[in-house]
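Here's a quick briefing to read with the model open beside you. Have a look at the fold, then work through the points below.

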Amino acid sequence: MPGPELSEADISAVIEMALSDHVSFADINAQFGLSDSEVKTLMRSNLKPSSYRTWRKRVRTFGDRREHYK
């Protein structure tokens, strides 16, 4: 995965932040230096496929309703 090398603790923190409805991709980028596509790649490789699809659907749905979301 391109981007900064992350420890297991950092990966867990990124996943927790990404799953939160209150943390944007910009916040994750500021803290860990990951772009939104890198976060999606990390999530895809660390979540079960069905969990990843559910997360992406929720992000897209909220993003369509709110101007500044993930």
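Predicted model: local features only at pLDDT ≥ 70, side-chain atom pairs only at ≥ 80, totals over all residues.

Numbering starts from 1 along each chain as its sequence is written, and side-chain values use heavy atoms, with hydrogens and water left out.

**Overall fold**

- The protein has four helices and zero strands, where helices (H or I, at least four residues) and strands (E, at least two) are DSSP runs numbered from the N terminus.
- Reading from the N terminus, the elements go α-α-α-α.
- Of the 70 residues, 33% count as buried; buried is under 20% relative accessible area, exposed is over 50%, and partly exposed is in between (1.4 Å probe, protein chains only).
- The protein exposes about 4,600 Å², and carbon and sulfur atoms supply 49% of that (Shrake-Rupley method with a 1.4 Å probe; for residues, only the protein chains shown count as cover).
- Take the contacts (heavy atoms within 4.5 Å) with a separation of 6 or more: 54% of them are between residues 24 or more positions apart.

**The core**

- The largest nonpolar core has 18 residues, and those with the most contacts inside it are Val 14, Ile 28, Val 39, Leu 42, Met 43 and Trp 55.
- Helices α1 (8-19), α2 (25-32), α3 (36-46) and α4 each supply at least two residues of this core, with the largest share, five residues, coming from α1.
- A nonpolar core here is a set of buried Ala, Val, Leu, Ile, Met, Phe, Trp, Tyr and Cys residues joined through side-chain atoms within 4.5 Å.

- The buried residues of α3 are Glu 38, Val 39, Leu 42 and Met 43.
- They sit on the same side of α3 because they cover an arc of only 140 degrees around the axis, taken from the directions from the helix axis to the C-beta atoms.
- On the other side of α3, you'll find Arg 44 and Ser 45 exposed.

**Aromatic rings**

- There are two aromatic pairs in the structure; rings of Phe, Tyr and Trp (its six-membered ring) pair if their centres lie within 6.5 Å, and planes under 30 degrees apart are stacked, over 60 edge-to-face and the rest tilted.
- Phe 25 and Trp 55 pair edge-to-face, at 6.3 Å centre to centre with 90 degrees between the planes.
- That pair links distant parts of the chain, with Phe 25 in helix α2 and Trp 55 in helix α4, 30 residues apart.
- Tyr 52 and Trp 55 make a tilted pair, at 5.9 Å centre to centre and 45 degrees between the planes.
- Both of these lie in helix α4, three residues apart, or about one turn of the helix.
- Phe 25 and Trp 55 are buried, Tyr 52 is buried too, and ring pairs link Phe 25, Tyr 52 and Trp 55 into a cluster.
- Arg 56 lies over the face of Trp 55, 5.7 Å from the ring centre (the cut-offs: NZ of Lys or CZ of Arg within 6 Å of the ring centre and within 35 degrees of the ring normal).

**Two residues of α4**

- Val 59 is found in helix α4 (residues 49-65) and is buried, at a relative accessible area of 7%.
- Val 59 and Ser 20 are 39 residues apart in sequence and 9.9 Å apart in space, C-alpha to C-alpha.
- Arg 58 also lies in helix α4 but is partly exposed, at 26% relative accessible area.
- Leaving aside neighbours within four places in sequence, Arg 58 is in contact with Leu 19 and Asp 21.
- The C-alpha atoms of Arg 58 and Asp 21 are separated by 9.0 Å, with the residues 37 apart along the chain.
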